[in-house]
Amino acid sequence: MAAIAQDVTLTSRDGSVTLGGTLLSFDGEFYRLSTVYGPLVLDGQAVLCSGVGCPDLDAYIAEFTFAGEPALGEVLMPALIEGFAARHGLSLGRAAQDDRHFTFTLSDPATERVVAHIGFRISSTSEGFADMLTGDADIAMAMREIRPDEVVRGIEAGLGDLSEPARSRIVALDALVPIIAPDNPLASVSVEALAAMLSGVVREWDLQDAPIAVHARPADTGMQQAVEDHFLAPLSLVMDEGVIRHASSAALADAVARDPLAIGVSRFSDIGNAVSVNLVGTCGIQLSASRRNLKTEDYPFTAPMFLYTPERRLPRLAREFLGFLTSSTAQRIVRRAGFVDLMREEIALDEQGVRFADAIANAGADVPLEEVQRMVALLRGASRLTPTFRFRGGSTKLDAQSAGNVADLARALESGVFDDRELLFVGFSDSDGNWQVNRRISSLRAEAVRNAVLAAAVTADQSRVGLAIEAFGEAMPMACDDTEWGRSVNRRVEVWLR
């Protein structure tokens with residue numbers, strides 16, 4: 001806006017208070033003013049503005065820009081903006097500067113008045129954060145969580161602590177999936193073996209006595225950075241310099257599908273003609289990437305798709321759009337776009353036979369049979385909800401997807417979705433240590449999750465729904481306990497409904 005950084009005077013409507021300063025921004029509702037007292041935010045309905053810098057309230061146009069990850073910016077976010085416009089009865093236009101820069105214009109069809117300009121800068125996750133730090137974007141699109149050095153730069157730039165849960169939201173779910181050609185005989189792979197191939201430590205296929213062709217995305221993309229963070233860094237490995245790089249996930253998947261000697265890691269949403277490979281541990285439990293396994297985080301390398309926002313007010317229309325993202329309408333758009341939605345699902349006990357069989361077969365050696373029988377008896381007749389809660393390594397802090405699950409369950413409680421039923425928060429642990437100690441730890445985690453949900457459900461009528469906790473420690477592992485990623489999958493709190 002041309003008005004920004006000009007002197008204005010704001011006067012209360014009764015004339016009793018007058019305040020002068022430099023107008024920093026106006027979001028259609030609130031003035032942000034630089035004054036001798038520091039930056040102040042004032043409600044536009046409570047004051048009158050005078051001076052050349054005052055905006056035209058009737059002609060206000062919301063302007064905000066997204067920057068970053070192509071996986072979000074090329075298809076998903078435009079589809080969601082189209083759905084938002086349709087829901088609010090707004091007409092939508094698009095103007096492209098080039099393949100990487102374009103702008104949506106939202107207008108009121110009755111008056112033809114423009115109400116918003118929404119810009120897009122398609123680059124990479126890292127560049128999306130950089131654009132937000134330099135003020136070239138208001139919202140960063142990311143395929144990974146923000147890194148510590150980016151958090152520090154965000155604080156220095158006055159954007160607040162971008163690692164705080166309030167600064168990010170998950171739009172959809174994806175996953176990092178090993179892929180091969182359809183005629184490659186590989187049925188499953190351990191994370192350690194996959195990392196050895198990606199890093200070049202292992203260069204030949206065992207069964208084929210032939211060289212492995214490793215395919216990957218460019219090093220600065222969010223997806224490739226997530227691959228290195230999750231598969232290589234924990235084993236102190238780095239990507240082989242001889243990998244074949246591809247500009248898009250689709251190109252990577254197509255190249256792997258054509259070559260029986262190729263392997264790569266793709267997005268779950270963009271496997272194309274390639275074939276995904278299950279992950280397996282030494283105990284024999286195999287983990288496959290499926291829509292439900294991504295929702296429950298039973299697949300260990302789920303990759304949430306993030307939007308990061310600074311610690312300042314965005315225009316009202318931008319805030320309304322961000323609120324729209326949690327609606328069922330928006331989540332149906334997510335699913336149609338090929339990604340995994342965030343909508344809650346129930347999984348009946350009889351649909352979990354393989355999960356229970358694998359888990360019980362690998363239960364901790366010192367867990368009494370009576371404890372396993374008690375677990376099965378308790379859960380019989382109940383359904384598991386897809387929201388599952390997992391914790392960051394070495395921490396009692398919930399991971400990013402779990403933090404979003406707290407908000408989801410809280411909204412459901414407030415709207416009465418579970419009235420006259422019981423939610424059972426069931427804690428589980430890994431097998432490291434005494435089983436009785438593990439059961440106590442998993443009970444404390446279940447209690448912590450229940451309390452977090454209740455604290456977020458401010459307006460819920462707790463008398464209408466039962467909220468119980470139970471814990472079984474290491475009685476039902478989801479993955480082999482001999483790796484850190486396997487143990488992190490096993491440390492969880494499930495939610496059951498009866």
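Q: Is Glu-345 buried or exposed?
A: In this predicted model, Glu-345 is buried, at 13% relative accessible area.

Q: Which residue forms a salt bridge with Glu-345?
A: The partner is Arg-292, with 3.2 Å between the closest N and O atoms. Arg-292 belongs to helix α7 and Glu-345 to the loop between α9 and β20, so the pair ties together parts 53 residues apart in sequence. Arg-292 itself is partly exposed, with 26% relative accessibility.

Q: What about Glu-346, and which residue does its side chain meet in a salt bridge?
A: Its side chain meets that of Arg-421, at 3.9 Å from N to O. Because Glu-346 lies in strand β20 and Arg-421 in the loop between α12 and β22, parts 75 residues apart in sequence are tied together. Glu-346 is partly exposed at 39%, and Arg-421 is partly exposed at 36%.

Q: Turning to helices, where do Arg-439 and Glu-371 lie?
A: Arg-439 is in helix α13 (residues 435-456) and Glu-371 in helix α11 (residues 369-379), so their pairing ties together parts 68 residues apart in sequence. Their side chains form a salt bridge of 3.2 Å, N to O. Glu-371 is buried at 6% relative accessibility, whereas Arg-439 is partly exposed at 29%.

Q: Which residues do salt bridges with shared partners join into one network?
A: The network consists of Arg-291, Arg-292, Lys-295, Arg-335, Asp-341, Glu-345 and Glu-351.

Q: And how many salt bridges does the count come to?
A: With a cut-off of 4 Å between side-chain nitrogen and carboxyl oxygen, the count is 30 salt bridges.

Note on methods
Residues are numbered from 1 along each chain as its sequence is written. This is a predicted model: local features need pLDDT of at least 70, side-chain atom pairs count only at pLDDT 80 or more; totals for chains, interfaces and linings use all residues. Side-chain values use heavy atoms; hydrogens and water are left out. Helices (H or I, at least four residues) and strands (E, at least two) are DSSP runs, numbered from the N terminus. Buried means under 20% relative accessible area, exposed over 50%, partly exposed in between (1.4 Å probe, protein chains only).
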